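Let's take a friendly walk through a protein model together. Keep the sequence and the 3D view open as you read, and find each residue as it is named.

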Amino acid sequence: MSDPRDPANRDNHDMPHYDGPAGGWGSVRGMAAIAGTEKPTPAMLETLARQNKAGGHMCTSCAWAKPKDPHHFEFCENGAKATMWELTTKRCTPEFFARHSVTELRSWKDFDLEDQGRLTHPMRYDAETDHYVPVEWDEAFREIGAHLKRLDPKSAIFYASGRASLETSYLYALFARAYGHNNLPDSSNMCHETTSVALSKVIGSPVGTCTLDDFDECDAIFFFGQNTGTNSPRFLHPLRDAVKRGCKIVTFNPLKEKGLEEFISPQNPVEMLTGRATKISYQYHQVKAGGDIAAILGMCKFILECDVKRRQATGRGVIDEDFIAEHTHGFEEFKAKCAATGWEEIETNSGLPRTALMDAARVYMDAEKVIGIYGMGLTQHVHGFENIALLTNFLLLRGNIGRPGAGMSPVRGHSNVQGQRTVGIAEKTALVPLDLIAEQFGFDPPREDGMNTVEACEGIEDGTVKAFISLGGNFVRAIPDIVRMEEAWQKLELTVQIATKLNRSHLINGKSAWLLPCLARSERDMQASGMQKVSMEDSLSHVHASFGKRTPASEHLLSEFAIVAGLAKETCAPNPKLRWDDWTGDYSIVRDLIAETYHEQFYDMNERMLQAGGFYRGNSARERVWKTESGKAEFTTPEMLSATGLADKEGRYRLITLRSNDQFNTTIYGYSDRFRGIEGTRHVILINPKEMEKAGLKAGQRVTLIGDAEDGVDRRVPGLTVTPYEVPDGCLAGYFPELNPLVPLWYHDEKSKTPASKGVPVRIVTD
Ligand SMILES: Nc1nc2c(c(=O)[nH]1)N[C@H]1C(S)=C(S)[C@@H](COP(=O)(O)OP(=O)(O)OC[C@H]3O[C@@H](n4cnc5c(=O)[nH]c(N)nc54)[C@H](O)[C@@H]3O)O[C@H]1N2
Ligand SMILES: Nc1nc2c(c(=O)[nH]1)N[C@H]1C(S)=C(S)[C@@H](COP(=O)(O)OP(=O)(O)OC[C@H]3O[C@@H](n4cnc5c(=O)[nH]c(N)nc54)[C@H](O)[C@@H]3O)O[C@H]1N2
Ligand SMILES: [Mo]
């Protein structure tokens, strides 16, 4: 019998769909699937029960807030998967590496590499045999240190994926600067760097202004390009509670995402038994990929028109004139732009009819307190900056920043990605108090900016970068243009990977290559002074302690902190103020140093991080103190209406690369994207039936996507199954990282250089 899950067996108009809501029994079954393969022990279940609670460990999955009054189980399907993934009983040992050469492993799938389980021993690449071989920690540190000392520090990159603790991150940044560079790109360079740059410019704070309390008070939430059900499921709880109170959620997303449509709480026995779901979005607008500038401008245009009319009729307008006069700059110019932009242009660029935008604007005008939420759908565009700036304009019109129940709330990715920037992992020197660091540690840190992700890749291609150290992550798999970059990578002299599980980046190695396995966050970290705790900052700027309690996966593992300190000690010039060994013995000393460098936010960190719900490190824009050039919140007048970088043309599509419910970035847990009804494969392109007909495609047919960036570079991904799905005309969607060969390295947000992974120009050819 034919498998109904195989897209080849579906007829043209049978769109894949998932009938159930997000959460609910489906999510419990999803966890059981991982548990089934990984056989959770009672200890694992106990670890889960304490996840995200005071005294427990903070989940390594997303960065969503950890509330003061947690649910009985304060974890979600994906958080449980992330923990089970860490606590797997499978091991990737020296024997495994003896059996498989690096060249052979390069042909393995992402899933199969990580499925080998936890790395157990430090390993060194042996070029003669093309195998990784075990090595002692001391030797690894000594040789890597000696190699780094031979290089110009400015030719080394220290990358960080957003998971390492605040303590390790602070140390890593200090290591880079004591060695002699600011080349500290992190995963936010591919993610929310657009946010850091745009929000700093327009409201003078690089992060969101909301706290959890605001979600208890807001009347409306405007939600752009963030897939909550998959990527921050615990956030569905406050959303559901808000809806139950009468708060209206207006969503802008090219795809109908299940979690934003309806939700059953796995925490609520009545909902679980009756299957009664809460409808999440009050309105759902399937904006074109890259259409948000036009959509938001359209709403603002209508609001300003209504303002004039209502003012004439009642003497009181719609916008908050007092706030605008006292707190903002640039309003008149933006207002003129709204008036001068025609509805036709707005409709063409947003893909939405003006009536829909007017309906959305009415919800905004009726609401006293409004929150703006967004994710990668706004940040990963060539004009991502303008996307965020326009959402800010929209909120400013009625004073919706800097008062309870209102504000801007970007949803961050990795569990400590925001915190890493806060404590010094930054290639931009303006973000770091270098003078203070010079005084604290008695060395002069380099003063010129370092390289971000895109610049690091350019440096690797042109040979100026010689060494790459990676604190977690899977850089070579996560970046654009991966086929070209994999080739360039092998010119590197030195690559060092600090990791928990094997991934492709470890196999695209430099001439001297090292694989240094570390403890996972849920594991016990015993040092000279006793058991250590660490800390991280969530998406809403709260800092929490995290306690690892599980037995380490191998007795040969070191903590990330100890590995960074071990490398630093062998690399940096001796300096009595750089007490690498003492710090490793007692992380609380480093927390005191963080409190010294960032006093205003981190004072008494050692005590305050223990409080339930963590401590709030504050936000100036929330207090209506605008640390911008003008000293006020900035209205931005956009010069373009589309966030994409290239004009539309016949046969060119805008490709959205996104995540399934069964992955964490490049970590693939399985092949079931339950909410989208796509099973058994990740090699798909989602396209609407009308576009299929226009292009003469049939469901299940195999096609190749070809890059259409007109730069003479051949980019292609073959073998993709055509899958009918409700996406806007002219748009396609498919999965990251499989489609990364199609994203040009130069195709990024103009101001922050965040790769524009949501509007990639492509063409379809049949295989
Ligand atoms: N389970 C799980 N959780 C995760 C991750 C994971 O991979 N798996 N990754 C973590 C990380 S690092 C991050 S950054 C976050 C990412 O979380 P998200 O920000 O949700 O990222 P994506 O999955 O890429 O999805 C982006 C959403 O934007 C929509 N979109 C695409 N283009 C546009 C557009 O032009 N306009 C609008 N309005 N919408 C658009 C897409 O349809 C999709 O719903 O999640 C974090 N949490
Ligand atoms: N086309 C396209 N490309 C994208 C995106 C997209 O939407 N589309 N999204 C971008 C985004 S938002 C991001 S954040 C990046 C993600 O880029 P990265 O952060 O570099 O990648 P991850 O997949 O999160 O890294 C996974 C690896 O981290 C290691 N790891 C896991 N836990 C730990 C730990 O506790 N310690 C250490 N040391 N290592 C650990 C494991 O070895 C695992 O294989 O990708 C970006 N790339
Ligand atoms: Mo991210």
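## Two ligands and their surroundings

Ligand 2 is surrounded by 33 residues, and the closest are Glu 114, Tyr 159, Ala 478, Glu 560 and Thr 666. Here a residue is near a molecule or strand if one of its heavy atoms lies within 4 Å of it. Before going on, a word on the source: this is a predicted model, in which local features need pLDDT of at least 70 and side-chain atom pairs count only at pLDDT 80 or more, while totals for chains, interfaces and linings use all residues. Residues are numbered from 1 along each chain as its sequence is written, chains are lettered from A and ligands numbered from 1 in the order in which they are written, and side-chain values use heavy atoms, with hydrogens and water left out.

Which atoms of the protein lie by the oxygen and nitrogen atoms of ligand 2? An N or O atom in the side chain of His 414 is 2.8 Å from an oxygen atom of the ligand. The backbone takes part too: a polar backbone atom of Lys 501 is 2.8 Å from an oxygen atom of ligand 2, and a polar backbone atom of Ile 498 is 3.0 Å from a nitrogen atom of ligand 2. These are polar contacts, meaning pairs of N or O atoms within 3.5 Å; within protein, one atom must be able to donate a hydrogen and the other to accept it, and residues adjacent in sequence count only if both atoms are side-chain atoms. On its own, ligand 2 has 940 Å² of accessible area, and the protein covers 98% of it. Such areas come from the Shrake-Rupley method with a 1.4 Å probe; for residues, only the protein chains shown count as cover.

Helices (H or I, at least four residues) and strands (E, at least two) are DSSP runs, numbered from the N terminus. By type, the shell of ligand 2 holds twelve nonpolar, 15 polar and six charged residues. In this count Ala, Val, Leu, Ile, Met, Phe, Trp, Tyr, Cys and Pro are nonpolar, Asp, Glu, Lys and Arg are charged, and the others, Gly among them, are polar. Domain 1 (92-191 + 435-524 + 551-585) and domain 3 (653-766) each give at least three residues to this shell; the domain bounds come from an automatic or database domain assignment.

Now turn to ligand 1, which has 30 residues around it; Asn 253, Glu 257, Asp 292, Gln 663 and Asn 665 are the closest. An N or O atom in the side chain of Asp 292 is 2.6 Å from a nitrogen atom of ligand 1, and a backbone N or O atom of Gly 290 lies 2.7 Å from an oxygen atom of the ligand. The protein buries 99% of the 920 Å² that ligand 1 exposes when taken alone. Its shell draws at least three residues from each of domain 2 (194-411) and domain 3 (653-766).

## A helix and its cover

Next, find helix α24, residues 453-462. At its start, a side-chain oxygen of Asn 452 reaches to within 3.2 Å of the backbone nitrogen of Val 454. Thr 453, Val 454, Ala 456, Cys 457, Gly 459 and Ile 460 of this helix are buried, where buried means under 20% relative accessible area, exposed over 50%, and partly exposed in between (1.4 Å probe, protein chains only). An α-helix has 3.6 residues a turn, so residues three or four places apart point the same way. The cover over the buried residues of α24 includes β6 (156-160), β15 (467-471), α25 (475-478) and α26 (482-489). Just after the helix, Gly 463 takes a positive phi of about 85°.

## Some loop residues

Finish in the loop between β32 (731-735) and β33 (760-766), where Pro 737 is found. A cis peptide bond joins Phe 736 and Pro 737, with omega about 5°. Pro 755 has its place in this loop as well. Is Pro 755 buried or exposed? At 3% relative accessibility, Pro 755 is buried. Its contacts (heavy atoms within 4.5 Å) include Asn 189, Gln 380 and Tyr 747, not counting residues up to four places away in sequence.
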